[in-house]
Amino acid sequence: MFDPALAGYWGTRDVDADGDGYCPIGRDLNGDGDCLDDELGENYYASDCDESDPARNPGAEEECFDRRDNDCDGFVDLDDSSCFYLLD
């Protein structure tokens, strides 16, 4: 479970500050609020691109008209392949 006390460490690579299960590097697989558990392979997952917003993470769906990279893949809106269907 996410520990709100860890939110003070926002910006470090190993803390899930927004509680969405993703850290700036890796994923919090056991819900302890950090991504330091190498035995679980937590550091081998996609990174969270915005630790201040739990709606933006690699597991989120891209919202095609909000001018944000919701799924942290480096592509925004119609540049994201999940929004290509809108170009037809």
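A residue counts as buried when its relative accessible area is under 20%. Keep that cut-off handy as you click through this predicted model.

**The whole chain.** Show everything to begin with. Of the protein's 88 residues, 40% are buried. Switch to a cartoon view and you'll be looking at zero helices and zero strands.

**Cys23.** Now select Cys23. Its relative accessible area is 0%, so Cys23 is buried. Who surrounds it? Leaving aside residues up to four places away in sequence, Cys23 touches Arg13, Asp14, Val15, Asp16, Asp34, Cys35, Ser47, Asp48 and Glu51.

**The salt bridges.** There are three in the structure. Start with Asp50, whose side chain meets that of Arg56 at 3.0 Å, N to O. Asp50 is buried at 13% relative accessible area, and Arg56 is buried at 14%. Asp50 also pairs with Arg68, at 3.9 Å. Next, pick Asp53, which is buried at 17% and forms a salt bridge with Arg68 at 2.7 Å. Arg68 itself is partly exposed, at 32%. Through shared partners, these salt bridges link Asp50, Asp53, Arg56 and Arg68 into one network.

Within it, Leu86 is partly exposed, with a relative accessible area of 35%.

Methods: Residues are numbered from 1 along each chain as its sequence is written. This is a predicted model: local features need pLDDT of at least 70, side-chain atom pairs count only at pLDDT 80 or more; totals for chains, interfaces and linings use all residues. Side-chain values use heavy atoms; hydrogens and water are left out. Buried means under 20% relative accessible area, exposed over 50%, partly exposed in between (1.4 Å probe, protein chains only). Contact means heavy atoms within 4.5 Å. Helices (H or I, at least four residues) and strands (E, at least two) are DSSP runs, numbered from the N terminus. A salt bridge is a side-chain nitrogen of Lys or Arg within 4 Å of a carboxyl oxygen of Asp or Glu.
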